[in-house]
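Reader: Before I rely on the labels attached to this model, I would like to know how each of them was reached. Please set every value beside its definition as we go.

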Amino acid sequence: MSQALFLGVDGGGTKTRFALVDGVGTLLAEAQLGTTYHPQVGLDGVRRILGEGVGDVLAQVQRNTGDIVQAFFGLPAYGEDSRATATLQAIPAQVLGHDRYACDNDMVCGWAGSLACADGINIIAGTGSMGYGRRGVAAARAGGWGEAFSDEGSAYWIAIQGLSAFSRMSDGRLPRGPLHALLRAHFNLDDDLDICAHVYGEGVGTRGDLARLSVQVAQAAREGDAVAIAIFERAGEELATIADALRIALGFETGETVPLSYSGGAFSAGELLMQPFQTALAATHGGFELRTPLHAPHYGAALYALRLAGTRVEIPDSPDYL
């Protein structure tokens, strides 16, 4: 009898990751492709990337879509446009050739991975930001309204704050610090105004492109740039605000422990972001218990597929698997 397969897909603003597991959660195959953020790649782009990724992981184990017992697709911006969401919901059926799957926002993958589908809150700070939590049958999200007027604390938000600071340093509204020199060097600028061509020019300045500039902001902070340090402090505070909104929405009571974890590339800044995040959490509510993520979001999506199929497995803690 063929081994049952379960598929997890974690879409994101920069990349999409696929995990194929067996009935006890053993990772059999994984793959990584580009973003499935439909406002950027279009719905046809989402369909193409999902098809390629599913084909990739199945080819690694020489199986086909009919062997997938249950799949879960966590897609960026799912649920944020009712017309697009209906199409996104239908795409996996076109890829799999059956309807043994569920779709939701990629926030579910972060929670399922970091807390192994247990009650608690996960804060995502990747290209975008948001929070998602579960407590019994209750579920809630906060933040994540998009880069135009939200996504506070995300890599994109940090990068935009850094670009704003660069402009102010350039024309004298702020004292120049390491951030100014780092961005000039990154773009090899002779004239500061030429940075506009790298942000607004044709074929550049995608959401992912800009989010990656958070690396230069982090480097400036490590070199003592006070403005860059303040950007990360505010990012931590914004993410803690999201966590506390979810604590209240989920009905955690005074004195009750609130398991809290995190996911997303912005946290790769390490203590620059984590320290102000922890400080703000402690100032907001004493019950938060910060936990190192157990699993990567794409593996979390596969765990959630197992749960949807009614399969509960003992998942070993593996904080190194991120």
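**Helices and their neighbours**

Reader: Which residues in α8 meet which residues in α9?

Author: Ser214, Val217, Ala218, Ala220 and Ala221 in α8 meet Ala228, Ile229, Ile231 and Phe232 in α9, where a contact means heavy atoms within 4.5 Å. The residues of this contact divide into 8 nonpolar, 1 polar and no charged, with Ala, Val, Leu, Ile, Met, Phe, Trp, Tyr, Cys and Pro counted as nonpolar, Asp, Glu, Lys and Arg as charged, and the others, Gly among them, as polar. The model is a predicted one, in which local features need pLDDT of at least 70 and side-chain atom pairs count only at pLDDT 80 or more, while totals for chains, interfaces and linings use all residues. Residues are numbered from 1 along each chain as its sequence is written, and side-chain values use heavy atoms, with hydrogens and water left out.

Reader: What is the geometry of α8 and α9, and in what sense do the helices cross?

Author: The axes of α8 (residues 214–222) and α9 come within 7 Å and cross at roughly 115°; axes are lines fitted to C-alpha atoms, for helices over the stretch in contact, and angles run from 0 to 180 degrees between N-to-C directions. The crossing of α8 with α9 is left-handed, a term used if the near helix is turned anticlockwise from the far one by less than a right angle, clockwise being right-handed. The helix labels follow DSSP runs numbered from the N terminus, H or I of at least four residues for helices and E of at least two for strands.

Reader: What makes β9 count as mostly covered?

Author: In β9, 6 of its 6 residues are buried. Val258, Leu260 and Tyr262 point one way while Pro259, Ser261 and Ser263 point the other way, and all are buried. In a regular strand the side chains alternate between the two faces of the sheet.

Reader: Which strands does β9 pair with, and in which sense, parallel or antiparallel?

Author: β9 is joined to β10 by 3 bridges, the strands running parallel, and to β6 by 4 bridges, also in the parallel sense; two strands pair if DSSP finds at least two bridges between them, so both pairs qualify. Valine 258 stands opposite phenylalanine 288 in β10, and isoleucine 124 stands opposite serine 263 in β9. The sheet is open, with 5 strands in the order β8-β7-β6-β9-β10 and mixed pairing. Its edge strands are β8 (138–142) and β10, each pairing on one side only.

Reader: Why is alanine 140 called buried?

Author: Its relative accessibility is 14%, and that value places alanine 140 in the buried class. Alanine 140 lies in strand β8 and, leaving aside neighbours within four places in sequence, contacts Gly131, Tyr132, Gly133, Leu246, Ala249 and Leu250. The C-alpha atoms of alanine 140 and arginine 247 are 9.2 Å apart, although 107 residues separate them along the chain.

Terms used. Buried means under 20% relative accessible area, exposed over 50%, partly exposed in between (1.4 Å probe, protein chains only).
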